[in-house]
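Here is a short briefing on the structure below. Please read it with the coordinates open.

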Amino acid sequence: MLSIHARQVLAKAVLPILILLAVGLVLLGLVRRPAVDGVRLMATDFMAPAYHGLVWPQERAKVWLTDLRGATDLAKENARLREENRALRHWYDVAVALAAENGRLKKSLHWIPETVPQYVTGRVTRDDGGPYSRAVLLDVGSGHDVRIGDVALDAAGLLGRVTEVGPHTVRVLMINDDASRIPVTLATSHGDAIMAGDDTASPRLIFYPQDHHPVEGERVETRGQSTMPAGLPVGTVHYSAPNRPVVVPDADLDRLDIVRVFDYGDDDSQAPDAPGRVRVKKLPQNPMTGPLPFSWLPNFPNMPGRGEQ
Amino acid sequence: MVAENSTPHLHSAVEPKQTFRRALDMAARAAMPSLFIMFSAILLSAPFGIPGQAQLQFGIAMCTVWFWAYSRPRSMPALAVFLCGLVVEIFSFGPPGTVLLSLLVIYGVSHHWRYGLSRLGFIAGWLIFSILAVLASFFQWALVCLHAVALLSPVPGLFQAALTIGIYPSLTALFVWGRRTFANPDQA
């Protein structure tokens, strides 16, 4: 057993020792914070089921309170919905009247109805071996009716055009490829331009009217021309540098997944022949099939390919 | 001893028989303040989403240690303060060691001046406690700034000090009642 004196000394020494330990813990926290946080996280992990049990009544009470508030607000909500319903019915009547009037006007103007585009949907597979740097293959399955020049769209906007058609897949040339040129219209400044891909994320605008420069942030839509229907959303104008307008595409060109290819049925929209127009004579399919010139010369083959010696 | 023998009528010639059950009861009553600190620290570390939960952990621990260190030191020995501080440290996410050190310092002050504090009125005791609470919060804030190597806003520290000072009277009322009843080992 310790003497009374020793016990008194020990009792007086306890607090300084404990304070020293606490200072040690403070220093440990400054030097090795992750170690202390690791212990705390272990304790929290250990207590996680208890926390769940503690918080559970609070969550239940919240749910009950929400339900209770919903029940008390029911009458008010009902009145509001009835009012909204009345307003909606009014607008429904207005819409029906306007639709009827629109139909009547169209009929009296001999309006030609627009054709509803046919479309197929396919999953994108990357195109590694194609002729373009920015093109994708689209798996549309067998029995599709996709033609060259059809328009590919994702959920947000224009993606590109179909350049080659296979039995199961089609190749879509994307709008940011070097070879892509799309005629577009600028929604606010009403100018026409050509959107030219340059292998970057945002294609450039070229050939815009010099007295109507594109406005920063304005909408870019397709211009109705040959196979391309008008008014498809493309993106917005952005000046990446002075006098260098580019289009920030709406479509997510980097993360393509599901793509739709639309056929706008353009066969009948060929422009009529103009009087006095000189038709360009089509080149023969295989220009090297006829007899070669100078075939009468000796030692000269008279047919293309491997000549007879 | 002024505060410890607060129930002189029980110190009669006839003492109750010391049984195991009575020893257990006495130990439980003596450990009540420490258990209160640990229980509230663990309870307040649960994700209730109540504003000021972490500050309340600190405040409850400070008030409890301060009160019991001068009013009944046998219920709050230094080792118990250390253990309580460790538990609060584990279940809080401030700079490590600051709560523990603050608790030990406030324990030292309270224990050293226990005779004087027992004679002082409530308001004077509260005032001294307030100064210590502000100093402890300032110490915590300084350590957080040192750890972040930036001058951070002292508002959370001031809020913690204000909360600690604010809950002191109600906690003291609870403890004064507890010292007479459920946390009184002499009544076991």
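This is a predicted model: local features need pLDDT of at least 70, side-chain atom pairs count only at pLDDT 80 or more; totals for chains, interfaces and linings use all residues.

Chain B comes to eight helices and zero strands. Chain A comes to three helices and 12 strands. One salt bridge is found across the interface of the two chains.

**Chain B**

- Along the sequence, chain B reads α-α-α-α-α-α-α-α.
- Chain B has 188 residues, and 46% of them count as buried.
- Among contacts in chain B with a separation of 6 or more, 76% join residues 24 or more positions apart.

**Chain A**

- Chain A has 309 residues, of which 26% are buried.
- Residues 24 or more positions apart make 50% of the contacts in chain A with a separation of 6 or more.
- Chain A exposes about 21,900 Å². Carbon and sulfur atoms account for 60% of this.

**Interface of chain B and chain A**

- In this interface, 28 residues of chain B contact 22 residues of chain A.
- The two chains bury about 2,300 Å² between them. Carbon and sulfur atoms carry 78% of that buried area.
- Six residue pairs are in polar contact between chain B and chain A, with both residues at pLDDT 80 or more.
- On chain B, the side that touches chain A draws at least two residues from each of α2 (32–44), α4 (78–90), α5 (98–112) and α7 (122–148).
- By class, that side of chain B has 20 nonpolar, seven polar and one charged residues.

**B:T98**

- B:T98 lies in helix α5 of chain B.
- B:T98 counts as buried because its relative accessibility is 0%, and the cut-off for buried is under 20%.
- A polar atom of the B:T98 side chain lies 2.9 Å from the backbone oxygen of B:P95.
- Leaving aside neighbours within four places in sequence, B:T98 contacts A:V26 in chain A. In chain B, the partners of B:T98 are B:E89, B:F139, B:Q140 and B:L143.

**Salt bridges**

- The whole structure holds 14 salt bridges over all chains.
- A:E164 and A:R171 form one, with their closest N and O atoms 2.9 Å apart. A:E164 is partly exposed at 30% relative accessibility. A:R171 is buried at 16%.
- The side chains of A:D198 and A:R244 meet in another, at 3.5 Å from N to O. A:D198 sits in the loop between β7 (192–196) and β8 (204–206) of chain A, and A:R244 in strand β11 (residues 244–249), so the pair ties together parts that are 46 residues apart in sequence. A:R244 is partly exposed, at 33% relative accessibility.
- A:R255 and A:D252 also pair through their side chains, at 3.4 Å from N to O. A:R255 is exposed at 62% relative accessibility. A:D252 is partly exposed, with a relative accessible area of 32%.

Methods: Residues are numbered from 1 along each chain as its sequence is written. Chains are lettered from A and ligands numbered from 1 in the order in which they are written. Side-chain values use heavy atoms; hydrogens and water are left out. Helices (H or I, at least four residues) and strands (E, at least two) are DSSP runs, numbered from the N terminus. Buried means under 20% relative accessible area, exposed over 50%, partly exposed in between (1.4 Å probe, protein chains only). Contact means heavy atoms within 4.5 Å. Buried area is the accessible area (1.4 Å probe) that two parts lose on being put together, summed over both. A salt bridge is a side-chain nitrogen of Lys or Arg within 4 Å of a carboxyl oxygen of Asp or Glu. A polar contact is a pair of N or O atoms within 3.5 Å; within protein, one must be able to donate a hydrogen and the other to accept it, and residues adjacent in sequence count only if both atoms are side-chain atoms. Ala, Val, Leu, Ile, Met, Phe, Trp, Tyr, Cys and Pro count as nonpolar, Asp, Glu, Lys and Arg as charged, and the others, Gly among them, as polar. Accessible areas come from the Shrake-Rupley method with a 1.4 Å probe; for residues, only the protein chains shown count as cover.
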